[in-house]
Amino acid sequence: MDRVALSPELELSRLVYGMWRIGDDADTSPRHVQAKIEACLEQGITTMDHADIYGGYTAEAIFGAALKQAPQLRDQMEIVTKCGIVAPAGRHSAVRGKHYDTSAEHINASVEASLRDLAVDHIDLLLIHRPDPFMDPDVTGPALDALVASGKVRAVGVSNFRPWDFSLLQSSMESELVTNQIEMSLMETSAFTNGDLAYLQERAIAPMAWSPLGGGSLFKNAGLMSILEGVAGEQGVDATAVAVAWLLAHPAGILPVLGTNNLDRIRKIGDAARVPIDRQTWFELYSAAIGKDVP
């Protein structure tokens, strides 16, 4: 498995395992979660992607229970988590409505809760989950810098930010924002043309891609699936591996975040890393996805 250096201090595996639905599994026991982690590690997938809000603020603790049972696994992985979304669930059940909070107080409290729930002494990468229209960059930026300086967080980045949101936050920081996790897939291609990806490429910032299979919607596109299945048959993989390989082929160095609770599917995540996608195949898939030839 290839690795990507986001900074001199932090490398991630090129493919990332996502924990969005870990709490939806019928079996959330530490032993079963450990089996998922080990299935990833066996393929060289060492980066685990979380967010405090996943599972109504329960997913991190489900993962942490597995680390308490098998603490030796911590040194074999990088843990990513996110903060900034406040919804009326779990520890925030008393709030009146969903909102964003990028205040220093909330960020620090979220990090402490994540450290406790994940059963770790540091977070490898902390992301601000959504751009906050009420954000004061002169508060949020220094709060993130202080977390890096404290050692509780090794590096910081953002998620779902547009270029101007990214620049605004970076302007008030000493630490570098090392990634932006955005939605990218054959079913969500806007980042390839709206400037989001170009902005990161210009700055040599490796992006992360959430929902790289389009939430399963690509299976409803018959023309696209025909091409995916054709390539899959030639390469001896399934169509999902080809869809992920399409992202991996892009010169921006995209890191797809894949989540499934099925152990057999987890064991196949790494297949995408061995599927070559040349320029013509890339555009065949792209054209099928957008429903027309490029201009």
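Predicted model: local features only at pLDDT ≥ 70, side-chain atom pairs only at ≥ 80, totals over all residues.

Entry 1. I found Ala239, Ala241, Val242, Ala243, Val244, Ala245, Trp246, Leu247 and Leu248 buried in H9. That is nine of the ten residues of H9 (residues 239–248), so the helix is largely enclosed by the rest of the structure.

Entry 2. Next I asked myself what covers the buried residues of H9. My list includes strand E11 (208–210), helix H8 (222–235), strand E12 (255–258) and helix H11 (279–290).

Entry 3. I then picked the pair H8 and H9, whose axes come within 8 Å and cross at roughly 100°. Angles of 65 to 115 degrees count as roughly perpendicular, and H8 and H9 are therefore roughly perpendicular to each other. From H8, I noted Met225, Leu228, Glu229, Val231 and Ala232 meeting Ala239, Val242 and Ala243 of H9. Sorted by class, this contact has seven nonpolar residues, one charged and no polar.

Entry 4. On to the largest pocket, which has a volume of about 1,000 Å³. It is lined by 37 residues, and Pro212, Val257, Leu258, Gly259 and Thr260 are the closest to its centre. H9 turned up again here: it gives the most to this lining, with three residues. Strand E3 (16–18), E12 and helix H10 (263–266) each supply at least two. I sorted the lining into 15 nonpolar, 13 polar and nine charged residues.

Entry 5. Last, the second largest pocket came out at about 160 Å³. I found Ala249, His250, Pro251, Ile277, Asp278, Arg279, Trp282 and Phe283 lining it. By class, that gives five nonpolar, one polar and two charged residues.

Definitions and conventions: Residues numbered from 1 in each chain as written. Heavy atoms only, no water. Buried < 20%, exposed > 50% of the residue type's maximum accessible area, 1.4 Å probe, protein only. Helix = DSSP H or I, 4+ residues; strand = E, 2+ residues; numbered from the N terminus. Contact = heavy atoms within 4.5 Å. Axes fitted to C-alpha atoms, helices over the stretch in contact; angles between N-to-C directions. Parallel < 35°, antiparallel > 145°, perpendicular 65-115°, else oblique. Nonpolar A, V, L, I, M, F, W, Y, C, P; charged D, E, K, R; others polar. 1 Å grid on protein atoms, 1.4 Å probe; cavity = no way out; pocket = protein on both sides within 12 Å on 5 of 7 lines; lining within 4 Å. Points joined across faces, edges and corners; volume = space filled by probe spheres on them.
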